[in-house]
Structures are given as structure tokens and as C-alpha cells.
4 protein chains.
Amino acid sequence: MLRYWTAGESHGKTLIALVDGFPAGVTVDTDAIDVELKRRQGGYGRGGRQRIETDKVDVRTGIWHGVTLGSPIALEVVNRDYKLERLDDLPRPRPGHGDLTGAMKFLGSIRGVLERASARETAVRVAAGALAKQLLAAFEITVFGYVTEVGGERIEPIEGTLDEQRSIRDQSELYGLNLDRDPAIKALIDRTGKDGDTLGGIIEVRVDGVPFGLGTHAQWDRKLDGRLAQAVMAVQAIKGVEIGMGFEAARRPGSQVHDPIHYDESKKDTPNLGYTRPSNNAGGLEAGMTNGQPIVIRAAKKPISTLAKPLESVNLDTKEPVEASYERSDVCAISAASVIVENVVAFEIACAVVDKFGGDSLSEMLGRYEMFLKMARER
Amino acid sequence: MLRYWTAGESHGKTLIALVDGFPAGVTVDTDAIDVELKRRQGGYGRGGRQRIETDKVDVRTGIWHGVTLGSPIALEVVNRDYKLERLDDLPRPRPGHGDLTGAMKFLGSIRGVLERASARETAVRVAAGALAKQLLAAFEITVFGYVTEVGGERIEPIEGTLDEQRSIRDQSELYGLNLDRDPAIKALIDRTGKDGDTLGGIIEVRVDGVPFGLGTHAQWDRKLDGRLAQAVMAVQAIKGVEIGMGFEAARRPGSQVHDPIHYDESKKDTPNLGYTRPSNNAGGLEAGMTNGQPIVIRAAKKPISTLAKPLESVNLDTKEPVEASYERSDVCAISAASVIVENVVAFEIACAVVDKFGGDSLSEMLGRYEMFLKMARER
Amino acid sequence: MLRYWTAGESHGKTLIALVDGFPAGVTVDTDAIDVELKRRQGGYGRGGRQRIETDKVDVRTGIWHGVTLGSPIALEVVNRDYKLERLDDLPRPRPGHGDLTGAMKFLGSIRGVLERASARETAVRVAAGALAKQLLAAFEITVFGYVTEVGGERIEPIEGTLDEQRSIRDQSELYGLNLDRDPAIKALIDRTGKDGDTLGGIIEVRVDGVPFGLGTHAQWDRKLDGRLAQAVMAVQAIKGVEIGMGFEAARRPGSQVHDPIHYDESKKDTPNLGYTRPSNNAGGLEAGMTNGQPIVIRAAKKPISTLAKPLESVNLDTKEPVEASYERSDVCAISAASVIVENVVAFEIACAVVDKFGGDSLSEMLGRYEMFLKMARER
Amino acid sequence: MLRYWTAGESHGKTLIALVDGFPAGVTVDTDAIDVELKRRQGGYGRGGRQRIETDKVDVRTGIWHGVTLGSPIALEVVNRDYKLERLDDLPRPRPGHGDLTGAMKFLGSIRGVLERASARETAVRVAAGALAKQLLAAFEITVFGYVTEVGGERIEPIEGTLDEQRSIRDQSELYGLNLDRDPAIKALIDRTGKDGDTLGGIIEVRVDGVPFGLGTHAQWDRKLDGRLAQAVMAVQAIKGVEIGMGFEAARRPGSQVHDPIHYDESKKDTPNLGYTRPSNNAGGLEAGMTNGQPIVIRAAKKPISTLAKPLESVNLDTKEPVEASYERSDVCAISAASVIVENVVAFEIACAVVDKFGGDSLSEMLGRYEMFLKMARER
């Protein structure tokens, strides 16, 4: 059982992810984790905080000579902008944040809630996911996220191989797959920022190389589609999740939705075992299990909740109308969100792989993976 | 900690939900549960199975003289159409179902997977949710689900009080909130059925009377939005979940998304403690916690996967192309799905209420609820 | 992940265990489960209830043609002595039971607590464990429990093979391994019963055929010794648990406690991989993991709490001193407890096997088991 | 839901405990945590490592101005003796440790297992427990552990108030409650050390001030006796756990075991609500729930597994007989173990308090606690 939790406040000393149940024998590339952390800090439309922080992961436990031991792995990203002890409470709750509701729930300050509710926490969720990707790489499973919409403007992905698409994405300041769309969208972000307003967008994550049988149909709380939906919806500011054709599937007849099953002998030795599908509207998941096709999952991110042109709020003491507080913030963080969701998905897929294939050690897991493919081909 | 799991196959002897951690002191109305079971079997576009089954719940454990004891509650719905032992394996996997993927995962039969993957299981998920609603009723929390789209056709809800809307829904064969739309949509279902095709749709569930502070922002796996998303996405055939404004929030600037905070002294004694919001685009959830506003959640259901005009498939033994198997099925089950999602949401809200307010016994929970409202008003 | 929960009251309609995560492909022998249920009802010193009940398991879900499907398995044992709805509350709490504390916790009746707290519930825990043994059998793992003390009187086990010991145990009315001791102990039970008193005792369970590596050292809540201790201590009336040499290990120097490690090439193909130990004071568990030796675990059961010669109690309404209530009960149930603990241990071992080896299907698990032995031998 | 996990290796960079679900509003006294850490390092019979380490806790997250926020709390104890990267594998597995079994399970090195299996990890389990005690203090619940046996030599506790006993314990180099016994036992430890041997012992922990109703009888995995047994047995080197009279209860008739129930009006306002018991053989737990009496739990610790006079072992490569490796170690660590078990018990009690009383915030929990006492008195 692979699992993780995080700790840490936005302006506190540090952020920590404790990863438990990670298999032994995986060589950890901390530079590759740092690349993801840096990507999370980037994207067009970010504010001042990202210039202060230059996140680096410190693997505090669980490795020896750069290789995992099977013991818990603590990943730490220290906050350079540590100043929590000097900060005061925030007087005026900001709509869209947990300010008001947290102050009520905990009968305490707004500061005490916002510091933890902040998306700053996602730095270590990204670190955990980036670690998980290094396990997935041994099974040739890749997880790839990108932006498909910003503030209602579509970035239609250019078709191509994963490498080609990755190259495009990594050139794009928006982390989209169509560089032609970037200038117009950057202009939109600029205009929105000048208006004191903010933008959200839509993210797509694709997981390639997934074998049959991750997740299960047998119990509601172990279905992989449900697990993915939980993990993604629990990312700050996400308000919608869909798999494969998603909401559009609700609008078409079944004959245009369900993916026919074909057999292609030449693909027998790939994870799909030769069972090909001319379409992938299911997004790789049928009955809560992977079906040998790529997983495709999309998330809708609402606009940043902190507006330079503040929204209406209330003074919690006097109950008088006031403008909401303003804390330094971004205009648009959809690019960062694509990195977060990508890595959050990666972690859940790694959990499902561990659930299916083991695993105390990577060598045992790989042996089992081959054995499973063989048994399934011969079924 | 309130939790539940289910057991049972589609054509097996029975279906069981085991509910653990339900508070003592709740009077159980089994007729009210049966009403939900009957609603789940109804709706326009259903097939022959629903004429065989007339589901009734049997509360097998956990109550004495009709009142819960705080011990586990086993809810049973017996299958009248029990015939599993006489059934053969299904030879040709049906696209959209777990047939192919389950046969690979478990290295076994298709029958062995489809029987459990079937939405027949939702009968006891509905029973568990209907039980949960009886706990919620003590806190004047209501959970109300209805259909807003069928096969791309919108059923725009008529505004009204909950009672008025419930009256409309219960007159509608589609479980929508606009009777004027029903004839056109029934005709669409009829046409689709004649074509051997199927339809899906969109469901909305609204939870009224929710206090502040259900769920938490503090850890990703305890955020209520994530929990709701998991529960709903884990319902058979659901491919998308959104909260409040959902995907549309990704398309608008923040100033048109985030709900201003007002204060209305006259509402001080309601669950929102006087903190009113002129809009509810957040759908009642900010930072993974309830904010005193109604929870609004939508789900996209794909069309029924079993088509009378079968899709392309493969014979698993010969690998030759064949038509998919056909098992008796419905043309459209979106109305039933609205009942299922309503009750699944109800259970998760009850979990969150138990998490926040207790609870060994209902009397203690109610005392705590009042105490919390008082402390929060005085914060 | 294999797991289970139970539901049901002592005089309610029924008892149910819901087993989730049990692998597909195991042929279920219900007669073998019934043998365990009958053994649980037997033993010298039992009272009238056991003459009313003749427990039989009904496998309600999760199998097809007698073979598990990988879906949840609901095991039911119906109460012949169903009369809960006719029973009144119990006025005077019985020391040793949950009567007083449950009435306070739930602010309710004593009846409502005692019905669930009763050891009647263990019938389905035994059923779940007996099912688990059928999975373990495929790995040639056996779980064997017997009584070693009754009311302070020792039943020194006769050495022998498992079959020989099983034969002795099954002849003994006390479920001990030394028939010579039975007459004296039966006389003690008779005398105690005449005095209106009750007896407890000590149970030992041995698990043979266990491979290396069940459980883990890596996180406190996944150590197998801790899991076993929880499961056993959570059996009604158990007040102590020890592994291997147990408390005696605290009294000896390390040189007389720790088991030397030898290597015997001829044992290379057994689960211990050739690593033999001249003693087994560790009881098969080092650092929370199995070490290839038999697991040995002992439990101390307190005497039955309901005494014919009642203990001092208090009327909860008047607070006046009274004698505790008397409900039909046994003089000594240590033999039954040995069956319960044996089966509870079996379930936990099966969980650990599933955690280590899989498992969606038994065939895949067996392949992995062989692969692991091979890899470990070649390490 | 209060929960925690740890990370860290014995000679790694650091040790971390991540505590999730700790209520807001608790003022954290880090000096008090450091006192426990220092006590854990002390006791007669310790070796060289304890002179290198001078453990101090660093509360890395979850507090603001010294008060908990309700967000996860990361507790860190840095290893001064960090040298893992310079250390080699251990060639010869030590009996009693996880060396052999871990090397097999993970198909890897001994070093990679022993570093995590080491009791060094308990430093942060103590820190987590010491934090939990600060929550319990608000409810006037105290947790107090001491040594009652060393190597078979009994330290009979002197009766007295908690303060008196604490004063004795804190003067004792053995952490016992009878200073007269210390010289003889220290001499025993000295002799044993000269022989190259080691000693274990027995610990008792008492929890005073516990209200009715922590834990539950309703489901096996939520019974408090089972949870305590798991937590304690999962401490390194513990081989036995007993509650109240424990194993001795198995040897006496029921009339001498079960604690009569009396009522003493003058105690009505204490946590026992006036329900007094002339004895406490149940150790405060009946049917998996607290009964208003002190919890009493004992643990048996085996002798240290690393002997200066090494035990027989095997070279894992050649399979030749060799002496086990020797790593710097203690002769006797029973005093440290008493600190560890005390704090591990404290954490579980805090979990049960949070389960029963809340809790988002301490102020709300305290209000609920008073409300429960009032309702229970009036039941």
C-alpha cells in the first residue's frame, strides 16, 4: 500500500511530504524532481512569490546511496519566504478561499487557515508525484499534463508523439500544446491582470503505457476512477474532473461513445496485449479499472481567488461590509496547476501499480509485471 | 467514523450494504428507504429487469424496536431474479463495460466480473444513502437530486421551493424539474431505443441546510470536495463530476466566479450564521470545507454500455472480430442515476456530519450541533 | 488489500461478515467452515445457548459455481434464537461486560450494547477466518489453535506432528493437546459451575508454513506483530497477547532468548529457504516481519463475565446497590475461544499474504509466491 | 481522526513524525517534549550512541505563535550521528533483529533494513506521544509509565499519589517506583554487560482521568483494547501486551476477576460519574471501551538483540556459519522502553479522545466534554 500525506504552511518554515510504502530499489533522481518543482513555479501570469522561492527537494529519509530502501520517504521543500511568525491575522475573509469557513470551523483566526489552505502546499505534492513517476518509468508508464484552455480560450493540442508534444509544451509559457495560441492568451492574461482580475482554465493529463487491471470494480472505494477523481478534486481550486470524453459522453448516443474492441496481433507484446480500440472515449477506464488504453483525465481550475480589485466581504468583528483582504497573488496559475495535477495523477497511478504488482522491491515488481502480461496473454 | 461497503452480484442471491459507525438513536423508516429503491427502479427508458425486481430493504442488524443502536447496520435487498448459478460465461466482451479488462485482471471469466460491475449493486448504495438521509433529517439537512440533461437535451429547472421542486420531480417520468420538457425527451428516448442505441445525461444534486465546517482543508485525503468526487465518480457509468459552477468557472474571470460575502443579521440563527452570498458559484465548498451555502454537485453519466445494436468486439478465444454480447438492458437510466447519485452524496455528507459532530448518539450530536452554532456565532 | 467487518446482534436476526479483497479462484468448502462453527459451539463448560444454535454458514455473495470471484464475500450465520424484539432492557449492569460503559457512552440502554458486545458475534469472525484458511491452504500454510491452560491448570502439549496434534485436540473436550489432563480440568469446571462461578484460560495458536517477509518493519501500523495483537486483543474477553516466548523473554538474558541462525541446504526449498533456527523464541516474527519460522501467539482469556452467583452492581436509575443481572451463560468458554483466536489469526495471516503476493487471482498469487522463493534463494 | 506516521533511519539525516488531525488551539510546550526525549535517552545500561545524541524536537509545521492550527504537525529530531552514506552493508545477520528477514523480503541489503528497523525511530514516536499528552492535559488525563521488572527482577511499585510516584520514578536510574530495588538491579545489569549479554524487562503504563466511552464495542477494528495492543506490540522488541490483570485473569475464577460496580455520590463530578470500582482488574477497559477507571497496560520487552558476545549466524553469501555482526548497542534499554510505551499509549488515548469529542478546536472539544459528562450523569 503506497500512500502519502503532507504538512506545512505557506509562509511557515517548510513543506514536507511523507511517502509510505514506496518500493525498495528505485534510484532517485532529485534533479528530475527539481525540474517539476521549477515547472510548478513557472507559467505566464505568476506573481512575486515565485521570484522569492526557488524550490529544491531534499530527500530527508528512505534512501541510501541514492536508492530507495522500502522505508518511508520524507520529501522536504524549505520555504525561503518563511515569515509566518511575523504575520498578523487577516481581517477580511476573501471570497473563494477557506478564510470565512475555516475561521468558523476552527473558531479561530483566518491566518491559521489560509496558511495551510494555500496552494503553496502543492509544492510537495508535486515532489511526491515526481518521485512516483520514477517508479512508473521502470514500467514505461508516462504521465503528461498540459493546458487546454485559459479563461475560455482553447489551446487545441497539436497531434504528435509524446516527445514531440513534450517539446512543444516545454517551449510554451502556458504549458499548452499549440504555440500559435500563446500570444493571444498571454495578451488576455495581461489585460485581465490590468483589470485587477484573475483567470482559470482547463488541464488535461494523459497516462501512457498503462497495463490492464489497475484499480478494481469490486468495491466502490477502490475503483481507480473514483480515486483519481478524489485526488484531483482535492487539489486547490479544482472544481471539476472528467475522464475520457467526460461530460460530452452524457450528450451522445452510446454508439458514438463506447470504444469498439479490436485485436491486433502485432500489439500483443504491448501493455494492451493486442486489444486495440479505434477510439478512447472511456479515457482508459472501464468499470473502475484500466483497460490497456491511455488514461485521459481533465480538470477545471477556477480563477485565482485573491483579486487585486477586491471582492465584497465583511468585517468578521463588526459585521460591516468591507473589501476583501489582498495578499500577494498571481493573475493566472493554470500552467502551474497542470504540473500539480499531472503529478497528483502520477502518484495515484503509482498507488494502483503497487496495489496490483507488489511491491517490496522493484526487481520483484518487474518480475511480476512480466508474469502478469504473460498470463493475461495466455488467458 | 461512518463508512460502508457493499457486496452482491447482479443475478446473485442478494445485495448487502454494511454500514459501520452509524449513530445510535435514529428511528429508521424502512418505507422511506423503499421509496428510494422504487424511484431507483423507475424513470422513462428502463428495460425488463425492473419489472422483475421490486426492491425492498431488509434491515438485518443494528436496530432494536426500530431505532439504531450504534452497532453496524446490514441492509439487504434480495434479488428476485437470482439465477447466477444457471448462467454461463459471456463470450464476447461488451465495450464500455468491465468485461474485457476484468477478464484480463482476474485471468478469469467475463461473467465473474460483469455480475459485480453491474449497476444492480447501486440498489444497496441507495439504501445506505437513504438511511443516511434519516440521520441528516435530524439536522434539517436535505439532499435532492434531479436530471438536468438527457442525451444533450437540457431540462432547465423551474425555480421554486424545495417542496415545489420535489413535487415537480416526482411527477416527471424523467425526474427533471421542468415537466414541459418531458414529452420531447421521452420521444428522443423512444427513437433511440428503436435504433438499438442508448442515452446518458447529466444529474444535479443539491444539499440544503448544511452548516459551516464539514470537511477540512488540512489534508488532501480529508477534503470534502475530494471525497464527494470519489464517491460520485465511483458510481457505475459516471465520467465527470463538477461542483458549483464547475467547468464553467474555468472560463470566466475571478470577479464573475467568486461569491461575495455579505452579512444579514436576520439569518444569524440559520446554518449560514448570517453570512449570505448573493451567488453560489462555489457550490457550497471552499478549500474543501462547507461554507454554509447549499452544496451543488453535478455528474455526467455516459450512455448505457449494452446496446441492442451491438458494437464491435473480439472473441477472446479465437481473437476473431465478433459483435459484442447482448444482455437485457435499458435504453436510458439517467433518472435512476439521479437517485443513485443523490443517495451516494447523502452518505458522504452524513460521514462529514459524523466527522464534525460526533457521534455515538443522535442526542449528543444534536447538542453539539447547537453548541457549535452558538460558538461560531460568538467567535 | 484484504479486510473484513461484521454486523449482527446476539439475539438479532442474523450475523454477517463482509469480506472485501478476497482473491478470485479459490474453491470454497462451506462444510469446512461449518466444522469450525461447530467447534466454536463446543467445548466442555458451555451453556444452553449452544444447544439452540446449530450454526451454518451461508455464502451470500462473491462466489459462482463454488469458486470466489474476487468480489466481496458476505458470510451469514442466522440466529435461530432470534428474539431481540421481544427482549427488554437489562436493568443492572454486569461487571466485566460493556453494560455500564456502553450505556454511558451511547446515553442509552444496556440491552442495546450487550447485544452487540456479546461474543455471539465471533461466529462470523470464525467464518471469515475459516474462509481465509482455504486461501492459506493453497500456500500450504496451516493455522492451528489449542488450549494450554484452564483456570490456572496447565495442559502441557504432547509433542507430535501437526496431524497427530490435531487428532489429539479433536478428541479433547477441552481442545487441549494432552488428553490425560482433561478429567481433572473437567472436574474443575464442574466444581466452578456448582459454585456459580466461571473460568478463563490460555490459548496458543501456531501458524506453520509461513514464508519470509509477511508484514513489514517500515511503518508502525503495518507491522505484522502489531496487527496480530490488535486482532487478538479485540476478541471478546481477551486481556493479554504474547508472541513466541512472550513475557518470559523479558525475564531472560539475550543469549537465552534470541534464536541462532543456521543454514541447512536440505531445507532450501521450504519456505524457510534453508535458514533454520534451533529455537523459535521469537515466535516467527522479527522486526514486525515473518522470519520463515512458525508463528506462535498466545492469548489470555478472562473468565466469563456473567456469573450465576452475581457480582455487586448498581441500579442505574436509583443508584442503589443491587446484584448484577444474569443472562443465560457458560461456565467456561476457553475451548471456543481457541477456535475464535485461531480463525482471527488466520484472517490476519491471509491479509499479510495478500499484501505480499497480490492478489487478484489465486493463480497469479501462486506464480508470484514461487517467483519470490526463487528470487530470495538466489539473493 | 488523529493519526501519525514516522520516517527516518537510525544513522540517516533525520527522524520525522507527521501528525495529522491534531486539534487547533493547543499551546505546544517544546521543552516538555524535549524532557521526554531526554528521558528516552537515559536509564541505566545504555551505550555510546546516547552520548552522541542529545535529542531536541523541532516543530516544523502546524503551529503559529506556539499554538496548534489544526493543520498537520511535523515533528523532527535530527540525527547528530548522521553517517549512513559512509556506512557499509552488514554481512552477518543478527538474531532477534530484522536483518535476515528484511534482506529476504526486500531482496536487498541488511543495512537497508536495520537502519529503519532500529529503535532509534522511537525518538519521534515519543515526540508525537509527548505532543498528544499536551492535548490530554486539557482534559486532566495523565499517562504515566514505569519499569516493574528487569531481567526477571521485580520492582514492586510503592503506593502513592501520582506526584509522589512521579517523583520516585524521576529519581530512579531504572525508572522504577521503588528506589530500594535499584542497587541490586544495577548490579545485575553490570554483571550482564560484563558477560557480553543483554536484558529486557516489563513496563507498566497507567492512564488516569479517563472518561467513560473512549473506544467502542461495535466493530473489531475500532475497539480501544485492540488499538492499544497494536500500538504497543508494534514498538521495537515488545513481545507481549496485557491489560489490567492480564494473563493472571486467565488463572482465577470470575468472582475474583470482575470488578464490582459501586456508586459514590461524592464522585459524581469526576470522570467516573460516581461509578466506582473497588478493584480495577479490567484495567479500565470493558468491551473495548473505557469504563471510567484508570487504564493499566503492561508490555514485555525482550533483551536487546545485539550482543557483545555474538550469537551464531550465517554468512548470507557463502552460507557458512559465522558470528553475528556487532553494532554498538546497549546492555539494557528497559527504562527507555518505558518512556516509549508511555508515549505510544498517550497517542492512542489522544486518538480515542479526538474520536469521541471532536475535534476541530480545543475549545469546542472542552465544551463537548462537559456536555457529555452532564448528559451521562443525567442519563
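Helices (H or I, at least four residues) and strands (E, at least two) are taken as DSSP runs and numbered from the N terminus, and two strands are said to pair if DSSP finds at least two bridges between them. The model is a predicted one, in which local features need pLDDT of at least 70 and side-chain atom pairs count only at pLDDT 80 or more, while totals for chains, interfaces and linings use all residues. Residues are numbered from 1 along each chain as its sequence is written, chains are lettered from A in the order in which they are written, and side-chain values use heavy atoms, without hydrogens or water.

Strand E11 (residues 238-243) of chain A pairs with strand E11 (residues 238-243) of chain B in the antiparallel sense, over three bridges. Within this pairing, Glu242(A) stands opposite Gly240(B). Contact (heavy atoms within 4.5 Å) involves 105 residues of chain B and 105 residues of chain A. Buried area is the accessible area (1.4 Å probe) that two parts lose on being put together, summed over both; between chain B and chain A it is about 8800 Å², with carbon and sulfur atoms giving 62%.

A salt bridge is defined as a side-chain nitrogen of Lys or Arg within 4 Å of a carboxyl oxygen of Asp or Glu. Two salt bridges are counted between chain B and chain A. One of them joins Arg251(B) to Glu149(A), with the closest N and O atoms 2.9 Å apart. Helix H8 (residues 224-233) of chain B gives the largest share of the side of chain B that touches chain A, seven residues.

The contact between chain A and chain C takes 24 residues from each of the two chains. About 2000 Å² is buried between chain A and chain C, 45% of it on carbon and sulfur atoms. Eight salt bridges are found across this interface. Strand E2 (14-20), helix H9 (334-357) and helix H10 (362-378) of chain A each supply at least two residues of the side of chain A that touches chain C. The largest share, seven residues, comes from H10(A).

The same surface serves both copies, and 100% of the contact residues of chain A recur in chain C.
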